[in-house]
Amino acid sequence: MKFITPSATQSSLMGIAALVVNACLLWSASMMLDVTTGITGFTDRGEPIISRIETPNRNKGLFLSAIAGSVIAGISLVKAQDANGNRLINEATLSDDIRSTANLLANNAACSAEFVSFRGVKFLFGKQSVIRNLVFKVLPVEIRDFVTAKVTRKNWLDDLLKEARHYVICGATGDGKSVLLNFILLSFLKRALLPENLNPDGSPRDRLAISDINYGKPDDNGDINTWMDIDRQFLSVDIDEIMAVGRSIVAELKGCQKAGVLAAEAKSRGDIEEYEKQKRLTKKGNFLWIVEELIATRASMDAETLKEFDEIRQEIRLFGRGYGFKICEVLQYLNANDYGINLGQRQNICIILLKSMASNADTIKKVFNNHVELAARFNVYRKKFKYLAMVQLGGQEPQILQLLDLSWVKGITLQSPSNPVDVWWSEVWTKDNFQWIVDTWASGKSPLSSNPEIRREFKARFKIELSKDDARYLQLKAAIEQIKTKVLEQV
(Lines give C-alpha, C1' and ligand atoms only; values in the text may rest on other atoms or scores of the structure.)
Protein backbone atom coordinates (compact mmCIF):
# COMPACT_ATOMS: atom_id res chain seq x y z
CA MET A 1 0.00 0.00 0.00
CA LYS A 2 1.45 3.38 -1.00
CA PHE A 3 0.34 6.99 -1.41
CA ILE A 4 -1.26 7.90 -4.75
CA THR A 5 -0.84 11.39 -6.16
CA PRO A 6 -4.24 12.79 -7.19
CA SER A 7 -4.83 13.93 -10.76
CA ALA A 8 -5.93 17.48 -11.60
CA THR A 9 -9.54 16.32 -11.92
CA GLN A 10 -9.43 14.49 -8.58
CA SER A 11 -7.86 17.52 -6.89
CA SER A 12 -10.65 19.71 -8.31
CA LEU A 13 -13.38 17.36 -7.02
CA MET A 14 -11.79 17.27 -3.55
CA GLY A 15 -11.56 21.04 -3.58
CA ILE A 16 -15.23 21.43 -4.56
CA ALA A 17 -16.29 18.99 -1.83
CA ALA A 18 -14.24 20.89 0.76
CA LEU A 19 -15.76 24.21 -0.35
CA VAL A 20 -19.31 22.81 -0.11
CA VAL A 21 -18.69 21.51 3.41
CA ASN A 22 -17.05 24.80 4.35
CA ALA A 23 -20.04 26.78 3.01
CA CYS A 24 -22.48 24.60 5.00
CA LEU A 25 -20.48 25.06 8.20
CA LEU A 26 -20.26 28.82 7.66
CA TRP A 27 -24.02 29.01 7.04
CA SER A 28 -24.72 27.07 10.24
CA ALA A 29 -22.39 29.37 12.15
CA SER A 30 -24.10 32.47 10.72
CA MET A 31 -27.52 31.22 11.91
CA MET A 32 -26.38 30.79 15.50
CA LEU A 33 -27.70 33.46 17.84
CA ASP A 34 -25.65 35.37 20.38
CA VAL A 35 -27.13 34.44 23.76
CA THR A 36 -26.69 36.53 26.89
CA THR A 37 -28.42 36.53 30.26
CA GLY A 38 -29.11 39.83 31.92
CA ILE A 39 -31.48 41.96 33.95
CA THR A 40 -34.23 43.34 31.70
CA GLY A 41 -36.30 45.05 34.34
CA PHE A 42 -37.53 44.98 37.91
CA THR A 43 -40.72 43.82 39.62
CA ASP A 44 -42.91 46.14 41.71
CA ARG A 45 -40.97 44.98 44.75
CA GLY A 46 -37.60 45.82 43.20
CA GLU A 47 -36.46 42.26 42.42
CA PRO A 48 -34.55 41.94 39.14
CA ILE A 49 -36.20 40.22 36.18
CA ILE A 50 -33.53 38.00 34.66
CA SER A 51 -34.09 37.06 31.02
CA ARG A 52 -32.30 35.08 28.36
CA ILE A 53 -31.63 37.47 25.47
CA GLU A 54 -31.00 36.19 21.96
CA THR A 55 -29.62 38.57 19.31
CA PRO A 56 -28.61 37.97 15.69
CA ASN A 57 -25.05 36.81 15.17
CA ARG A 58 -22.87 39.91 15.07
CA ASN A 59 -20.50 38.18 12.64
CA LYS A 60 -23.23 37.11 10.22
CA GLY A 61 -22.00 39.47 7.48
CA LEU A 62 -18.50 38.07 7.74
CA PHE A 63 -19.78 34.50 7.50
CA LEU A 64 -21.94 35.31 4.49
CA SER A 65 -19.02 37.00 2.75
CA ALA A 66 -16.92 33.88 3.33
CA ILE A 67 -19.74 31.73 1.94
CA ALA A 68 -19.85 33.92 -1.18
CA GLY A 69 -16.10 33.44 -1.55
CA SER A 70 -16.50 29.68 -1.25
CA VAL A 71 -19.23 29.68 -3.91
CA ILE A 72 -17.08 31.74 -6.30
CA ALA A 73 -14.09 29.46 -5.72
CA GLY A 74 -16.28 26.39 -6.30
CA ILE A 75 -17.62 27.79 -9.59
CA SER A 76 -14.04 28.55 -10.67
CA LEU A 77 -13.05 24.94 -10.04
CA VAL A 78 -16.06 23.68 -11.98
CA LYS A 79 -15.09 25.89 -14.92
CA ALA A 80 -11.33 25.18 -14.66
CA GLN A 81 -9.48 23.83 -17.71
CA ASP A 82 -6.20 21.97 -18.22
CA ALA A 83 -3.29 23.12 -20.42
CA ASN A 84 -5.04 21.75 -23.51
CA GLY A 85 -8.21 23.71 -22.87
CA ASN A 86 -10.24 20.68 -21.69
CA ARG A 87 -12.60 21.07 -18.72
CA LEU A 88 -11.31 19.29 -15.59
CA ILE A 89 -14.89 18.48 -14.54
CA ASN A 90 -16.48 16.53 -17.39
CA GLU A 91 -20.18 15.62 -17.00
CA ALA A 92 -19.76 12.52 -19.17
CA THR A 93 -17.15 10.97 -16.85
CA LEU A 94 -18.27 12.63 -13.59
CA SER A 95 -19.58 9.47 -11.86
CA ASP A 96 -16.37 7.56 -12.63
CA ASP A 97 -14.22 10.49 -11.51
CA ILE A 98 -16.10 10.73 -8.18
CA ARG A 99 -15.68 6.99 -7.60
CA SER A 100 -11.94 7.07 -8.35
CA THR A 101 -11.49 10.11 -6.08
CA ALA A 102 -13.25 8.32 -3.21
CA ASN A 103 -10.99 5.26 -3.70
CA LEU A 104 -7.91 7.51 -3.72
CA LEU A 105 -8.97 9.20 -0.46
CA ALA A 106 -9.61 5.80 1.19
CA ASN A 107 -6.20 4.50 0.07
CA ASN A 108 -4.28 7.56 1.27
CA ALA A 109 -6.17 7.59 4.58
CA ALA A 110 -5.20 3.95 5.15
CA CYS A 111 -1.58 4.78 4.35
CA SER A 112 -1.66 7.65 6.85
CA ALA A 113 -3.09 5.39 9.56
CA GLU A 114 -0.41 2.79 8.87
CA PHE A 115 2.31 5.42 9.11
CA VAL A 116 1.03 6.72 12.45
CA SER A 117 0.48 3.22 13.86
CA PHE A 118 3.93 1.82 13.09
CA ARG A 119 6.19 4.89 13.07
CA GLY A 120 4.61 7.71 15.03
CA VAL A 121 3.17 6.13 18.21
CA LYS A 122 6.16 6.72 20.46
CA PHE A 123 6.63 10.31 19.31
CA LEU A 124 2.97 11.32 19.49
CA PHE A 125 2.07 9.70 22.81
CA GLY A 126 5.31 10.72 24.46
CA LYS A 127 4.74 14.37 23.60
CA GLN A 128 1.05 14.19 24.58
CA SER A 129 1.89 12.82 28.02
CA VAL A 130 4.42 15.57 28.65
CA ILE A 131 1.96 18.27 27.56
CA ARG A 132 -0.87 16.87 29.69
CA ASN A 133 1.28 16.70 32.82
CA LEU A 134 2.68 20.15 32.21
CA VAL A 135 -0.79 21.73 31.84
CA PHE A 136 -2.14 20.21 35.04
CA LYS A 137 1.03 21.12 36.88
CA VAL A 138 0.93 24.84 36.08
CA LEU A 139 -2.84 25.38 36.41
CA PRO A 140 -3.93 27.14 39.63
CA VAL A 141 -4.99 24.67 42.32
CA GLU A 142 -8.62 25.96 42.33
CA ILE A 143 -9.04 25.41 38.59
CA ARG A 144 -7.34 22.02 38.64
CA ASP A 145 -9.56 20.86 41.50
CA PHE A 146 -12.62 22.31 39.74
CA VAL A 147 -11.90 20.21 36.65
CA THR A 148 -11.09 17.09 38.67
CA ALA A 149 -14.29 17.27 40.70
CA LYS A 150 -16.42 17.90 37.61
CA VAL A 151 -18.36 20.73 39.15
CA THR A 152 -20.09 21.21 35.84
CA ARG A 153 -22.45 23.46 33.92
CA LYS A 154 -24.78 25.97 35.52
CA ASN A 155 -27.69 25.26 33.19
CA TRP A 156 -28.32 21.72 34.45
CA LEU A 157 -31.66 23.00 35.74
CA ASP A 158 -32.83 23.11 32.13
CA ASP A 159 -32.20 19.36 31.88
CA LEU A 160 -33.94 18.80 35.21
CA LEU A 161 -37.08 20.65 34.13
CA LYS A 162 -37.26 18.74 30.84
CA GLU A 163 -37.01 15.36 32.59
CA ALA A 164 -40.21 13.33 32.65
CA ARG A 165 -39.03 11.89 35.97
CA HIS A 166 -40.15 12.60 39.53
CA TYR A 167 -38.24 14.84 41.95
CA VAL A 168 -36.87 14.33 45.45
CA ILE A 169 -35.50 17.52 47.04
CA CYS A 170 -33.76 17.23 50.40
CA GLY A 171 -32.37 20.11 52.43
CA ALA A 172 -32.44 21.52 55.93
CA THR A 173 -33.99 24.87 56.89
CA GLY A 174 -32.09 27.62 55.11
CA ASP A 175 -30.64 25.36 52.42
CA GLY A 176 -32.86 26.91 49.73
CA LYS A 177 -35.61 24.31 49.24
CA SER A 178 -38.38 26.90 48.97
CA VAL A 179 -36.46 28.99 46.46
CA LEU A 180 -35.73 25.96 44.27
CA LEU A 181 -39.35 24.83 44.56
CA ASN A 182 -40.64 28.24 43.52
CA PHE A 183 -38.37 28.15 40.48
CA ILE A 184 -39.63 24.67 39.49
CA LEU A 185 -43.20 25.86 40.04
CA LEU A 186 -42.73 29.00 37.92
CA SER A 187 -41.15 26.97 35.12
CA PHE A 188 -44.05 24.48 35.17
CA LEU A 189 -46.67 27.25 35.05
CA LYS A 190 -44.81 29.05 32.26
CA ARG A 191 -44.87 25.93 30.07
CA ALA A 192 -48.48 25.20 31.03
CA LEU A 193 -49.59 28.58 29.66
CA LEU A 194 -47.85 28.30 26.29
CA PRO A 195 -50.40 28.36 23.42
CA GLU A 196 -49.47 24.86 22.26
CA ASN A 197 -50.22 23.47 25.75
CA LEU A 198 -53.73 24.93 26.00
CA ASN A 199 -57.03 23.22 25.31
CA PRO A 200 -59.14 24.63 22.45
CA ASP A 201 -61.22 26.58 24.97
CA GLY A 202 -58.09 28.34 26.27
CA SER A 203 -57.78 26.37 29.53
CA PRO A 204 -54.42 24.71 30.31
CA ARG A 205 -54.07 20.95 29.85
CA ASP A 206 -51.32 20.82 32.48
CA ARG A 207 -52.50 20.79 36.09
CA LEU A 208 -50.99 21.49 39.49
CA ALA A 209 -51.56 20.31 43.07
CA ILE A 210 -49.57 21.38 46.14
CA SER A 211 -49.79 19.56 49.48
CA ASP A 212 -48.32 21.46 52.42
CA ILE A 213 -49.18 20.28 55.94
CA ASN A 214 -47.50 23.44 57.35
CA TYR A 215 -49.23 25.92 55.03
CA GLY A 216 -49.60 29.24 56.87
CA LYS A 217 -46.99 28.44 59.53
CA PRO A 218 -44.47 31.30 60.08
CA ASP A 219 -40.78 30.47 59.62
CA ASP A 220 -37.96 31.53 61.96
CA ASN A 221 -38.10 35.04 60.51
CA GLY A 222 -41.87 35.29 60.94
CA ASP A 223 -42.47 35.03 57.18
CA ILE A 224 -45.29 32.87 55.83
CA ASN A 225 -44.83 30.85 52.65
CA THR A 226 -47.98 31.52 50.63
CA TRP A 227 -46.69 29.71 47.55
CA MET A 228 -46.54 33.01 45.66
CA ASP A 229 -50.19 33.70 46.55
CA ILE A 230 -51.44 30.75 44.48
CA ASP A 231 -55.20 30.25 44.68
CA ARG A 232 -56.26 28.05 47.60
CA GLN A 233 -57.99 25.60 45.24
CA PHE A 234 -54.57 24.26 44.21
CA LEU A 235 -53.50 23.63 47.81
CA SER A 236 -54.28 20.75 50.16
CA VAL A 237 -53.30 21.56 53.74
CA ASP A 238 -54.64 18.78 55.96
CA ILE A 239 -54.52 14.97 55.84
CA ASP A 240 -58.02 14.55 54.40
CA GLU A 241 -57.34 17.00 51.57
CA ILE A 242 -53.92 15.50 50.84
CA MET A 243 -55.32 11.96 50.67
CA ALA A 244 -58.13 13.17 48.40
CA VAL A 245 -55.55 14.59 45.97
CA GLY A 246 -53.51 11.37 46.00
CA ARG A 247 -56.56 9.17 45.46
CA SER A 248 -57.77 11.32 42.55
CA ILE A 249 -54.35 11.15 40.86
CA VAL A 250 -54.19 7.36 41.19
CA ALA A 251 -57.75 7.02 39.89
CA GLU A 252 -56.91 9.14 36.85
CA LEU A 253 -53.65 7.23 36.36
CA LYS A 254 -55.51 3.92 36.34
CA GLY A 255 -57.96 5.39 33.82
CA CYS A 256 -55.04 6.29 31.55
CA GLN A 257 -53.61 2.79 31.93
CA LYS A 258 -56.98 1.26 31.04
CA ALA A 259 -57.24 3.52 27.98
CA GLY A 260 -53.79 2.34 26.92
CA VAL A 261 -54.90 -1.29 27.09
CA LEU A 262 -58.06 -0.54 25.09
CA ALA A 263 -56.02 1.41 22.52
CA ALA A 264 -53.63 -1.52 22.06
CA GLU A 265 -56.53 -3.96 21.67
CA ALA A 266 -58.25 -1.69 19.13
CA LYS A 267 -55.08 -1.37 17.07
CA SER A 268 -54.52 -5.12 17.05
CA ARG A 269 -57.98 -5.69 15.55
CA GLY A 270 -57.61 -2.81 13.08
CA ASP A 271 -60.15 -0.44 14.66
CA ILE A 272 -58.23 2.80 13.99
CA GLU A 273 -61.06 5.11 15.08
CA GLU A 274 -61.31 3.47 18.51
CA TYR A 275 -57.51 3.37 18.72
CA GLU A 276 -57.21 7.12 18.19
CA LYS A 277 -60.00 7.79 20.70
CA GLN A 278 -58.40 5.71 23.46
CA LYS A 279 -54.93 6.99 22.64
CA ARG A 280 -56.07 10.56 23.38
CA LEU A 281 -57.28 9.38 26.79
CA THR A 282 -53.91 7.90 27.79
CA LYS A 283 -52.47 11.37 28.46
CA LYS A 284 -54.58 14.42 29.22
CA GLY A 285 -51.62 16.72 29.90
CA ASN A 286 -48.94 16.92 32.58
CA PHE A 287 -49.81 16.80 36.28
CA LEU A 288 -47.34 18.09 38.90
CA TRP A 289 -48.00 17.14 42.53
CA ILE A 290 -45.71 18.88 45.01
CA VAL A 291 -45.65 17.27 48.48
CA GLU A 292 -43.91 19.67 50.84
CA GLU A 293 -42.85 18.55 54.34
CA LEU A 294 -43.11 14.85 53.48
CA ILE A 295 -41.79 13.68 56.86
CA ALA A 296 -44.20 15.88 58.85
CA THR A 297 -47.05 14.75 56.58
CA ARG A 298 -46.33 11.05 57.18
CA ALA A 299 -45.91 11.65 60.92
CA SER A 300 -49.42 13.16 61.06
CA MET A 301 -51.08 10.00 59.70
CA ASP A 302 -52.42 6.96 61.51
CA ALA A 303 -51.08 3.56 60.49
CA GLU A 304 -53.87 2.72 58.02
CA THR A 305 -53.75 6.13 56.30
CA LEU A 306 -49.95 6.04 56.17
CA LYS A 307 -49.99 2.66 54.44
CA GLU A 308 -52.40 3.95 51.79
CA PHE A 309 -50.41 7.18 51.35
CA ASP A 310 -47.16 5.28 50.74
CA GLU A 311 -48.95 2.99 48.27
CA ILE A 312 -50.21 6.05 46.39
CA ARG A 313 -46.67 7.49 46.18
CA GLN A 314 -45.35 4.12 45.07
CA GLU A 315 -47.98 3.83 42.34
CA ILE A 316 -47.21 7.30 40.96
CA ARG A 317 -43.44 6.75 41.13
CA LEU A 318 -43.59 3.45 39.26
CA PHE A 319 -46.24 4.16 36.62
CA GLY A 320 -46.92 7.91 36.48
CA ARG A 321 -43.98 8.93 34.33
CA GLY A 322 -45.30 7.56 31.05
CA TYR A 323 -48.70 9.18 31.53
CA GLY A 324 -47.52 12.68 32.48
CA PHE A 325 -47.92 12.42 36.28
CA LYS A 326 -44.97 13.81 38.21
CA ILE A 327 -44.58 13.88 42.00
CA CYS A 328 -42.11 16.24 43.68
CA GLU A 329 -41.39 15.19 47.26
CA VAL A 330 -39.61 17.60 49.62
CA LEU A 331 -37.85 16.53 52.82
CA GLN A 332 -35.65 18.15 55.45
CA TYR A 333 -33.58 14.98 55.87
CA LEU A 334 -33.48 11.47 54.48
CA ASN A 335 -34.67 8.70 56.75
CA ALA A 336 -34.81 5.12 55.54
CA ASN A 337 -38.25 4.67 57.08
CA ASP A 338 -39.61 7.85 55.51
CA TYR A 339 -38.04 7.56 52.10
CA GLY A 340 -36.60 4.35 50.74
CA ILE A 341 -36.10 3.91 46.99
CA ASN A 342 -34.87 0.80 45.25
CA LEU A 343 -32.81 0.67 42.06
CA GLY A 344 -35.87 0.13 39.88
CA GLN A 345 -37.49 3.32 41.14
CA ARG A 346 -34.19 5.19 40.95
CA GLN A 347 -34.45 5.26 37.15
CA ASN A 348 -37.65 7.30 37.43
CA ILE A 349 -36.42 9.84 39.99
CA CYS A 350 -34.20 12.91 40.00
CA ILE A 351 -32.61 13.41 43.43
CA ILE A 352 -31.31 16.78 44.66
CA LEU A 353 -29.41 17.09 47.95
CA LEU A 354 -28.89 20.70 49.04
CA LYS A 355 -26.04 22.12 51.14
CA SER A 356 -26.09 20.50 54.60
CA MET A 357 -27.64 17.27 53.30
CA ALA A 358 -25.06 16.95 50.52
CA SER A 359 -22.18 17.39 52.97
CA ASN A 360 -23.35 14.64 55.34
CA ALA A 361 -22.00 11.17 54.50
CA ASP A 362 -24.65 9.45 56.65
CA THR A 363 -27.39 11.12 54.62
CA ILE A 364 -25.76 10.47 51.26
CA LYS A 365 -25.28 6.74 51.88
CA LYS A 366 -29.06 6.29 52.04
CA VAL A 367 -29.31 7.00 48.32
CA PHE A 368 -25.79 6.88 46.83
CA ASN A 369 -22.77 4.60 46.96
CA ASN A 370 -19.23 5.99 47.58
CA HIS A 371 -20.87 8.34 50.10
CA VAL A 372 -17.64 9.16 51.98
CA GLU A 373 -15.88 10.35 48.82
CA LEU A 374 -18.92 12.37 47.66
CA ALA A 375 -19.31 14.12 51.02
CA ALA A 376 -15.60 14.94 51.25
CA ARG A 377 -15.54 16.31 47.73
CA PHE A 378 -18.69 18.37 48.29
CA ASN A 379 -17.26 19.96 51.44
CA VAL A 380 -14.08 20.96 49.60
CA TYR A 381 -15.95 22.69 46.79
CA ARG A 382 -18.60 24.15 49.03
CA LYS A 383 -15.89 26.50 50.33
CA LYS A 384 -15.07 27.67 46.81
CA PHE A 385 -18.46 27.88 45.13
CA LYS A 386 -21.41 29.69 46.68
CA TYR A 387 -24.28 27.61 45.28
CA LEU A 388 -23.81 23.85 44.99
CA ALA A 389 -26.06 20.79 45.01
CA MET A 390 -25.53 17.05 44.69
CA VAL A 391 -27.72 15.91 41.82
CA GLN A 392 -28.68 12.62 40.25
CA LEU A 393 -30.66 12.96 37.04
CA GLY A 394 -32.66 9.76 36.57
CA GLY A 395 -30.33 6.89 37.46
CA GLN A 396 -27.10 8.57 36.34
CA GLU A 397 -24.03 8.91 38.53
CA PRO A 398 -24.45 11.66 41.16
CA GLN A 399 -22.71 14.92 40.29
CA ILE A 400 -21.74 18.03 42.23
CA LEU A 401 -23.29 20.86 40.23
CA GLN A 402 -23.52 24.61 40.48
CA LEU A 403 -26.94 25.92 41.42
CA LEU A 404 -27.93 29.24 39.91
CA ASP A 405 -28.70 32.13 42.24
CA LEU A 406 -32.49 31.85 42.30
CA SER A 407 -33.11 34.35 45.10
CA TRP A 408 -34.96 36.61 42.65
CA VAL A 409 -38.02 34.30 42.82
CA LYS A 410 -38.66 35.18 46.48
CA GLY A 411 -40.62 38.33 45.74
CA ILE A 412 -42.77 36.98 42.92
CA THR A 413 -46.52 36.65 43.43
CA LEU A 414 -49.04 35.06 41.07
CA GLN A 415 -52.07 37.33 40.86
CA SER A 416 -55.20 37.67 38.75
CA PRO A 417 -54.55 39.27 35.36
CA SER A 418 -54.78 43.06 35.15
CA ASN A 419 -53.54 43.45 31.58
CA PRO A 420 -56.33 44.99 29.39
CA VAL A 421 -55.95 42.19 26.84
CA ASP A 422 -56.35 39.58 29.59
CA VAL A 423 -59.39 41.37 30.99
CA TRP A 424 -60.97 41.49 27.51
CA TRP A 425 -60.16 37.81 26.99
CA SER A 426 -61.83 36.78 30.24
CA GLU A 427 -64.99 38.59 29.10
CA VAL A 428 -65.28 37.26 25.53
CA TRP A 429 -63.85 33.74 25.83
CA THR A 430 -67.14 32.15 26.85
CA LYS A 431 -68.50 28.67 26.16
CA ASP A 432 -71.07 30.18 23.79
CA ASN A 433 -68.44 32.00 21.72
CA PHE A 434 -66.18 28.97 21.76
CA GLN A 435 -69.01 26.79 20.44
CA TRP A 436 -69.75 29.35 17.70
CA ILE A 437 -66.15 29.04 16.49
CA VAL A 438 -66.37 25.22 16.51
CA ASP A 439 -69.69 25.23 14.62
CA THR A 440 -68.39 27.73 12.05
CA TRP A 441 -65.32 25.61 11.31
CA ALA A 442 -67.45 22.45 11.20
CA SER A 443 -69.68 24.05 8.56
CA GLY A 444 -66.64 24.55 6.33
CA LYS A 445 -66.33 28.31 6.93
CA SER A 446 -63.72 30.36 8.73
CA PRO A 447 -64.70 32.56 11.71
CA LEU A 448 -62.13 35.04 10.32
CA SER A 449 -63.82 35.13 6.91
CA SER A 450 -64.50 38.46 5.19
CA ASN A 451 -68.07 37.28 4.57
CA PRO A 452 -70.24 40.23 5.76
CA GLU A 453 -72.58 38.06 7.81
CA ILE A 454 -69.77 36.18 9.58
CA ARG A 455 -67.86 39.41 10.09
CA ARG A 456 -70.84 41.10 11.77
CA GLU A 457 -71.30 38.10 14.04
CA PHE A 458 -67.58 38.07 14.86
CA LYS A 459 -67.61 41.76 15.80
CA ALA A 460 -70.74 41.39 17.93
CA ARG A 461 -69.31 38.45 19.86
CA PHE A 462 -65.70 39.57 20.35
CA LYS A 463 -66.04 43.39 20.19
CA ILE A 464 -63.00 43.86 17.94
CA GLU A 465 -62.16 44.33 14.28
CA LEU A 466 -59.98 42.03 12.18
CA SER A 467 -56.76 44.02 12.56
CA LYS A 468 -53.23 42.64 12.64
CA ASP A 469 -52.17 45.63 14.74
CA ASP A 470 -54.52 44.66 17.57
CA ALA A 471 -52.98 42.34 20.21
CA ARG A 472 -56.47 41.08 21.06
CA TYR A 473 -57.08 39.98 17.48
CA LEU A 474 -53.73 38.17 17.29
CA GLN A 475 -54.45 36.26 20.50
CA LEU A 476 -57.93 35.33 19.32
CA LYS A 477 -56.67 34.34 15.87
CA ALA A 478 -54.15 31.91 17.42
CA ALA A 479 -56.92 30.29 19.49
CA ILE A 480 -59.24 30.04 16.46
CA GLU A 481 -56.53 28.36 14.37
CA GLN A 482 -55.91 25.87 17.17
CA ILE A 483 -59.61 25.04 17.31
CA LYS A 484 -59.57 24.47 13.55
CA THR A 485 -56.90 21.79 13.99
CA LYS A 486 -58.95 20.03 16.67
CA VAL A 487 -62.13 20.18 14.60
CA LEU A 488 -60.42 18.73 11.51
CA GLU A 489 -58.98 15.88 13.59
CA GLN A 490 -62.49 14.86 14.60
CA VAL A 491 -63.98 15.08 11.12
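## Salt bridges

A salt bridge is defined here as a side-chain nitrogen of Lys or Arg within 4 Å of a carboxyl oxygen of Asp or Glu. By this criterion, Arg298, Asp310, Arg313, Arg317 and Glu329 are linked in a network of salt bridges. The structure holds 12 salt bridges. In general terms, side chains of opposite charge can pair when their charged atoms come close.

## Basis of the analysis

The model is predicted: local features need pLDDT of at least 70 and side-chain atom pairs count only at pLDDT 80 or more, whereas totals for chains, interfaces and linings use all residues. Residues are numbered from 1 along each chain as its sequence is written, and side-chain values use heavy atoms, with hydrogens and water left out.

## Overall composition

The protein contains 18 helices and 10 strands; these elements are DSSP runs numbered from the N terminus (helices: H or I, at least four residues; strands: E, at least two). Of its 491 residues, 37% count as buried. Buried denotes under 20% relative accessible area, exposed over 50%, and partly exposed the range in between (1.4 Å probe, protein chains only).

Among contacts (heavy atoms within 4.5 Å) between residues at least 6 apart in sequence, 66% join residues at least 24 apart.

Glu308 and Arg247 form a salt bridge in which the closest N and O atoms are 2.7 Å apart. This pair links distant parts of the chain, as Glu308 belongs to helix H10 (residues 303-319) and Arg247 to helix H7 (residues 239-268), 61 residues apart. Glu308 is partly exposed, with a relative accessible area of 27%, and Arg247 is likewise partly exposed, at 43%.

A further salt bridge joins the side chains of Arg461 and Asp432, at 3.1 Å from N to O. Here too distant parts of the chain are linked: Arg461 lies in helix H17 (residues 452-462) and Asp432 in helix H16 (residues 431-442), 29 residues apart. Arg461 counts as buried at 17% relative accessibility, whereas Asp432 counts as exposed at 52%. Arg461 also forms a salt bridge with Glu457, the closest N and O atoms being 2.7 Å apart. Because Glu457 and Arg461 are four residues apart in helix H17, about one helical turn separates them. Glu457 is partly exposed, with 30% relative accessibility.

In helix H15 (residues 420-428), the buried residues are Val421, Trp424, Trp425 and Val428. Seen down the axis of H15, these residues fall within an arc of 100 degrees, so they line one face of the helix. The arc is that of the directions from the helix axis to the C-beta atoms. Ser426 and Glu427, on the other side of H15, are exposed.

## Two loop residues

Lys463 is located in the loop between H17 and helix H18 (471-490). Its relative accessible area of 59% makes Lys463 exposed. Not counting residues up to four places away in sequence, Lys463 touches Phe458 and Arg472. Lys463 and Tyr473 are 10 residues apart in sequence, and their C-alpha atoms are 10.0 Å apart in space.

Ser359 occupies the loop between helix H12 (355-358) and helix H13 (361-364). In contrast to the exposed Lys463, Ser359 counts as buried, at 17% relative accessibility. With residues up to four places away in sequence again left out, Ser359 touches Ala375, Phe378, Asn379 and Arg382.

## Nonpolar cores

A nonpolar core is a set of buried Ala, Val, Leu, Ile, Met, Phe, Trp, Tyr and Cys residues joined through side-chain atoms within 4.5 Å. The largest such core has 41 residues, and those with the most contacts inside it are Trp289, Phe309, Leu353, Phe368 and Met390. Helix H7 gives the most to this core, with eight residues. Apart from it lies another core, of 37 residues, among them Tyr167, Cys350, Ala389 and Leu401.

Beyond its neighbours within four places in sequence, Leu353 is in contact with Cys170, Leu334, Ala358, Ile364, Val367, Phe368, Ala389 and Met390. In soluble globular proteins, nonpolar side chains tend to be buried together.
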